[in-house]
Amino acid sequence: MFKKSKHGIQIKNAEQIDKMRAAGLVVGRTLELLRSSVRPGITPLDLDAIAEEAIRGEGAIPSFKGYQGFPATICASVNHEVVHGIPTDSRKLREGDVIAIDCGAILDGWHGDSAITVAVGEVDPALTELIRVTEEAMWRGIAALRVGGFLSDIGHQVEKYVRSQGRYGIPQEYGGHGIGTEMHMDPWVANHGRPGRGPRFEAGMCFAVEPMVNLGTDRTKVLADDWTVVTLDGKPSAHFEHSVAVTENGPLVLTALDGGEAKLATLLAGDGAATVLPEKP
């Protein structure tokens, strides 16, 4: 039995949050290993094998493998692939590519879920900026996870930051989700919208915050494999994600090795609100 909010969102107690943190750290460490493994000449399938060995080596289970028929441990989305790319050995990564790696693990019945986007060698400065904007937007959304806030505050902060940085596309049909004893739980977490709407945050709620940002249009399509989502204009995309717990002391980033402490310290002002940076000219 698990406590739920009046909106049906799972509420975790302190012991359960600790277990989610343990699962999250498995994912965080695996992603850091994968980040250091990305280089020209490696294939997405090579990275998948590294991830599975790392996760199982910590006594955890890859949560993606077999999920609704997904055949791999990670999602590996290269260049114009937005999310849910299936790792293959059909092509090697090349200098100038970008790859989004989404990874999940189950430990003691609890889920961790996180994603990073990594540049392969030297990339076009526009791609470096795309990666920076997407990651920063994620952290702006995470900073909104404060007791008493509203679910839509996450997407509002994500969209507000992305729009302030240039002409980028935010796919409307993809977003984050609740997480806990299942990988995908209610509610869906949009990456856009007005603030102050939806359920209020309570301590013990956990969410995966995951913006996807495209260099061009926000329009996407799903390929014939029924998994891989690509940009309609063929331009690159970036994707970041962390699993986060709402606590009385602010967000605890379950999949960040330091719990998000260093990054959130630069974002949270005295009242707990994200610092607003000036828009680019």
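1. How many Å³ is the volume of the largest pocket? About 380 Å³. A pocket here is an open set of points on a 1 Å grid over the protein atoms alone, with protein on both sides within 12 Å along at least five of seven lines; a cavity is a set where a 1.4 Å probe fits but cannot get out. Grid points are joined across faces, edges and corners, and the volume is the space filled by probe spheres set on the points.

2. Basis of these notes. This is a predicted model, in which local features need pLDDT of at least 70 and side-chain atom pairs count only at pLDDT 80 or more, while totals for chains, interfaces and linings use all residues. Residues are numbered from 1 along each chain as its sequence is written, and side-chain values use heavy atoms, with hydrogens and water left out.

3. Pocket lining. The largest pocket is lined by 23 residues. A lining residue has an atom within 4 Å of a point. Nearest the centre lie Tyr67, His84, His177, His184 and Glu210. Strands β8 (176–178) and β9 (185–189) each supply at least two lining residues. β9 gives the most, with four. Strands (E, at least two residues) and helices (H or I, at least four) are DSSP runs, numbered from the N terminus.

4. His84. His84 has a positive phi of about 65°, although it is not a glycine. With a relative accessible area of 29%, His84 is partly exposed. The cut-offs: buried is under 20% relative accessible area, exposed is over 50%, and partly exposed is in between (1.4 Å probe, protein chains only).

5. Asn79. A second residue to check is Asn79, in the loop between β4 and β5. Its phi is near 60°, a positive value in a residue other than glycine. Asn79 is buried, at 17% relative accessible area.

6. Cis peptide. Asp186 and Pro187 are joined by a cis peptide bond, with omega about 5°. Pro187 has its place in β9. The C-alpha of Pro187 is separated by 8.8 Å from that of His7, 180 residues apart along the chain. His7 is found in the loop between β1 (3–4) and β2 (10–11). His7 is partly exposed, with a relative accessible area of 46%.

7. Strands β6 and β7. Ten bridges join β6 (residues 98–107) to β7 (residues 110–119), and the two run antiparallel. Two strands pair if DSSP finds at least two bridges between them. Ile101 stands opposite Ile116 in β7. Ala105 stands opposite Gly112 in β7. The hairpin of β6 and β7 has two residues between the strands, and Asp108 takes a positive phi near 55° there. Nine of the ten residues of β6 are buried, so β6 is largely enclosed by the rest of the structure. Nine of the ten residues of β7 are buried too, so β7 is also largely enclosed by the rest of the structure.

8. Other partners of β6. β4 (residues 74–78) is joined to β6 by five bridges, running antiparallel. Ile74 has Cys103 in β6 as its bridge partner. β3 (residues 61–62) pairs with β6 in the antiparallel sense over two bridges. Here the bridge partner of Pro62 is Ala105 in β6.

9. Three-stranded sheet. An open sheet has the order β5-β13-β12, with antiparallel pairing. The edge strands are β5 (81–83) and β12 (220–222), each pairing on one side only. The twist averages 40° from one strand to the next. Axes are lines fitted to C-alpha atoms, for helices over the stretch in contact, and angles run from 0 to 180 degrees between N-to-C directions. β12 and β13 (residues 229–231) pair over three bridges. Lys221 stands opposite Val230 in β13.

10. Helix α3. This helix (residues 125–143) has 19 residues. From its first C-alpha to its last it reaches 27 Å, close to the 27 Å expected at 1.5 Å a residue. The expected span is 1.5 Å times one less than the number of residues. Of the 19 residues of α3, 14 are buried, so α3 is largely enclosed by the rest of the structure. At its start, a side-chain oxygen of Asp124 reaches to within 2.7 Å of the backbone nitrogen of Ala126.

Note on methods: A polar contact is a pair of N or O atoms within 3.5 Å; within protein, one must be able to donate a hydrogen and the other to accept it, and residues adjacent in sequence count only if both atoms are side-chain atoms.
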